[in-house]
Amino acid sequence: MNISLNTRFSDRFLNSESLSKNQKSSQSAHELLLSKKGAGNDYLGWIDLPEQIQNSDLDSYKEIASKIKKHSKFLIIVGIGGSYLGARAVIEAIQNPFEVYSEDSIKIIYAGHHLDADYHNHLIEFLEDKEFSVNVISKSGTTTEPAVAFRLLLSLLEKKYGKEGTKQRVFATTDSSKGALKKFSDEYGFKTFIIPDDVGGRYSVLTPVGLLPIAIAGVDITKLVEGAKQMRKELISETDPSKNLAMKYATYRNSIYQLGKKVEILVNYNPSFHFFSEWWKQLYGESEGKGHKGIFPASVDLTTDLHSMGQYIQDGERILFETVVSFNEPKKDITLGEREGDLDGLNYLNGKNLSWVGSKATLGTLVAHSDGEVPCLELVVPKLDEFYLGQLIYFFEFTCGISGYMLNVNPFDQPGVEDYKNNMFALLGKKGFEEKKAAIENKLKE
Ligand code: PA5
């Protein structure tokens, strides 16, 4: 079974002229991406990653995972943006959320993705008497948020385990030579994993950035990579834009965008998919939002958010379209039973599976939203497991490259992110940012 894109709830909004124009453009973008001659072509290492990952790499991540489990109950993943969202997306999609309450599983905690003092205080107090390890991830090795969190955690590790014990508990994932984290790790003797130079943060899930923490969390990374490999093969070899899933999705989302629908909502009906949407938002937002162009990526978790955002989607500004990700089969279904007296009025569902009830909620919502002038694309995925998540990761990355080229932007840089970083460095008084600081102070006086 393959992932498919159903366009039945968006076709009536589109005319064949626009679709065929965008199909042609998706074909040229596909060619440009694979020719590796387009903008940002020094960051295309992710295209061939699934084929390049060796079994020995996967084994080394699994080995670290089993070592960590011997001495640690908690793994703290320190990273921000592309350096943590991919791992979190996969871990939370696969793990049983209630396992955090069980004794024997390793618990994953995230840090370094904000600067909130209360969170860090709570975390440090909590970890004082716990056995933990840290995987610090930063490609540049200079991002403030993870660097601050790591500094705080390192002090705690050294206090608890001394310098030698700390070495066994810190794993750093960073660039091969640049940045403070590499130098720091070499100096302290931490085990380091290298992020390839030609893979940018948000395209790095299938490097040690994602694979190491995902393996430590007990998720099957071999299956994840297998899924990505299969999707890569299909997307690279299929040149017919009506059959290539990435070209088809890029064609539809751009055709809908050209109708003035500027916000794409990634919709899921599985709470465990929440962080996958967060990863997707970063991938598309940072890749396409340039030159005052690009679809704004948003997300909702349904049916939960139908009771909060549903009103706006149905009836607010008509600038929205949806991509609904639905999974054909749950891991295990639940059949509803009968109750004497039928006081809750649910006996009409006696004998029905919960996934069947959910499918009616999905269909009812699709009909309502498309009736409300929200075009809806449906991405139908056979199962929510490691194999199909690997497929989805590669599919979204590949489509993002195509879609960015269709929009005529460089989908592999993020100049806008640097602006806030530079202002923050200036305001913090970092060396080298004196001129910037003076400029900001002048602006604030105006
Ligand atoms: O996609 C990107 O490149 C960014 O979102 C980065 O992942 C994020 O800014 C973190 O950067 P770094 O890994 O250098 O700490």
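I194 is found in strand β6 of this predicted model, where helices (H or I, at least four residues) and strands (E, at least two) are DSSP runs numbered from the N terminus. At 37% relative accessibility, I194 counts as partly exposed; the scale calls a residue buried under 20% relative accessible area, exposed over 50% and partly exposed in between, with a 1.4 Å probe and protein chains only. Leaving aside neighbours within four places in sequence, I194 is in contact with T174, D175, S176, K182 and P208, contact being heavy atoms within 4.5 Å. Q258 is 64 residues away from I194 along the chain, and the C-alpha atoms of the two are separated by 40 Å.

Residues are numbered from 1 along each chain as its sequence is written. Because the model is predicted, local features need pLDDT of at least 70 and side-chain atom pairs count only at pLDDT 80 or more, while totals for chains, interfaces and linings use all residues; side-chain values use heavy atoms, with hydrogens and water left out.

P208, one of the contacts of I194, also belongs to helix α8 (residues 208-216). This helix is mostly covered, with nine of its nine residues buried: P208, V209, G210, L211, L212, P213, I214, A215 and I216. After α8 comes G218, whose phi is positive, near 90°.

Turning to the aromatic side chains, a search of the whole structure finds 28 aromatic pairs. Rings of Phe, Tyr and Trp (its six-membered ring) pair if their centres lie within 6.5 Å; planes under 30 degrees apart count as stacked, over 60 as edge-to-face and the rest as tilted. Y61 and F193 form a tilted pair, at 5.8 Å centre to centre and with 55° between the planes. This pair links distant parts of the chain, with Y61 in helix α3 (residues 55-71) and F193 in strand β6 (residues 191-194), 132 residues apart. Both Y61 and F193 are buried. F387 and Y388, by comparison, form an edge-to-face pair, with 5.1 Å between centres and 85° between planes. Y388 counts as buried because its relative accessibility is 10%. Ring pairs also link Y249, F273, F276, W279, W280, Y284, F327, F395 and F396 into a cluster.

Charged side chains also meet aromatic rings. The charged end of R88 sits over the ring of F275, 3.9 Å from the ring centre, and K130 lies over the face of F126, at 4.1 Å from the ring centre. The criterion here is that NZ of Lys or CZ of Arg is within 6 Å of the ring centre and within 35 degrees of the ring normal.

Several loops carry backbone features worth a look. L302 and T303 are joined by a cis peptide bond with omega of about 5°, and T303 lies in the loop between β8 (296-301) and α12 (310-315). K36, in the loop between α1 (16-35) and α2 (49-52), has a phi near 60°, a positive value in a residue other than glycine. The relative accessibility of K36 is 33%, so this residue counts as partly exposed. N408 has a positive phi near 70°, again in a residue other than glycine, and is placed in the loop between α14 (386-406) and α15 (415-428). With 65% relative accessibility, N408 counts as exposed.

The axes of α15 and helix α16 (residues 434-445) come within 8 Å and cross at roughly 90°; axes are lines fitted to C-alpha atoms, for helices over the stretch in contact, and angles run from 0 to 180 degrees between N-to-C directions. N422, N423, A426 and L427 of α15 make the contact with K436, K437 and I440 of α16. These residues divide into three nonpolar, two polar and two charged, with Ala, Val, Leu, Ile, Met, Phe, Trp, Tyr, Cys and Pro counted as nonpolar, Asp, Glu, Lys and Arg as charged, and the others, Gly among them, as polar.

G429 lies in the loop between α15 and α16 and is partly exposed, with a relative accessible area of 47%. G429 and A228 are 201 residues apart in sequence and 44 Å apart in space, C-alpha to C-alpha.
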